[in-house]
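Here is a short briefing on charged side chains. Keep the sequence and the structure open while reading.

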Amino acid sequence: MKVSLCIIAYNEEKALPALLEDVRRQDYPHEDMEVVLVNSMSSDGTQRCMEAFKEQAADFMDVKVLLNHGRNQASGWNTAIKAASGDVIIRVDAHASIPADFVRKNVEVLESGEMVCGGPRPAMAEDADPWKETLLLAENSMFGSSIAPYRNTGKNEKKYVKSLFHGAYRREVFEDVGGFNEYLGRTEDNEMHYRIRKAGYQICYSPEIHSSQHTRSSLRRMVKQKYGNGYWIGLTTGVCPECLSLYHFVPFGFVCGILVTTALALKKRTGLAKLMWGAYGVLCTVMSLFAVKNVKKHISQLLLPPLFPILHISYGVGTLVGLLRMPGWRKKHKTCPSVLEVKRVLLQKKAMDQETED
């Protein structure tokens, strides 16, 4: 199988060299690998990193360096998909690491008959110190992040899931369902995978396929990320509520609980607030103990119980703001033309390839 490995980057001058070295070390035949690098109009040395890799990677089938004028992730992936020539299109985040067998393991699963596949993608600390390791514990915890199987390595069975990260797709999947919705910021994966499932394809999670994602290195950046994730959940309810799950709205429910119990407490009715915060405090403590169970202990881990509500409230407030802005946003962003544009380009290329073969 010919493989197009796609990487989208925005101001990733520091992270990109390590990932490109991971790409260079792939044990899948390089003559069957095309590397598609998309620069989302970075203002640092990202473009130079990509060009340097292109000059030095002569053993690959091809290396393409492209510009993403839309600047967001979805438009970047659409740029890559339209340019890719492989039978398989694999997407990897720029702030990630992949082992040497990553491409090979994906291809093996697809060759077994699957159309879309991926595997566990836990977070990892960058330039780790005790505080960053504590942030990582919060991020990797089911309580601090989500129950999605790709976030951890604890699922040891092959299964079919609703969504995944660092996915590998047979080219015909995009020919059928089209491209990513460029109006979406953080939920473009959810919406794309919903359309893929709706078209009759299954999304295969394989524990054999490993990759990792660098966690945010400071609490400020992590809070900003959680707020943004929640914000886009709120907006996405206006265009594709079916692609979201109930757990996406749990932090929002928590924030609503805070508002309601606070209003009641101001009227001297504190019972519900005591019940909610008491139960939540116990849950934070229990989940913190689970998070540190099998790791080296450090005093900074005592901050895990207050870290969890900070992350939950950030996400929940983001969802609340997104829901409030959603009605006006939806009027302008209900249908994205790029979805069908990608499909048109891929089918046109397929027809041209068939004419060439004939």
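A residue counts as exposed when its relative accessible area is over 50%, as buried when the value is under 20%, and as partly exposed in between. Lys224 has a relative accessible area of 60%, so Lys224 is exposed. The model is predicted. Side chains of opposite charge can pair when their charged atoms come close. The salt-bridge count here is 15.

- Lys224 belongs to helix α8, residues 219-236.

**A bridge between separate segments**
- Asp32 pairs with Lys2 in a salt bridge, with the closest N and O atoms 2.7 Å apart.
- Asp32 sits in the loop between α1 (16-24) and β2 (33-39), and Lys2 in the segment before β1 (3-9), so the pair ties together parts 30 residues apart in sequence.
- Lys2 is partly exposed, because its relative accessibility is 34%.

**Bridges within helices**
- In helix α4 (residues 102-111), Arg104 and Glu108 are four residues apart, about one turn of the helix.
- Arg104 and Glu108 form a salt bridge, their closest N and O atoms lying 3.2 Å apart.
- Arg104 is partly exposed at 28%, and Glu108 is partly exposed at 38%.
- Helix α6 (residues 171-177) holds Arg171 and Glu175, four residues apart, about one turn of the helix.
- The salt bridge of Arg171 with Glu175 has its closest N and O atoms 3.8 Å apart.
- Arg171 is buried at 12% relative accessibility, and Glu175 is buried at 8%.

**A network**
- Salt bridges link Glu21, Arg24 and Arg25 in a network.

Note on methods. Residues are numbered from 1 along each chain as its sequence is written. This is a predicted model: local features need pLDDT of at least 70, side-chain atom pairs count only at pLDDT 80 or more; totals for chains, interfaces and linings use all residues. Side-chain values use heavy atoms; hydrogens and water are left out. Helices (H or I, at least four residues) and strands (E, at least two) are DSSP runs, numbered from the N terminus. Buried means under 20% relative accessible area, exposed over 50%, partly exposed in between (1.4 Å probe, protein chains only). A salt bridge is a side-chain nitrogen of Lys or Arg within 4 Å of a carboxyl oxygen of Asp or Glu.
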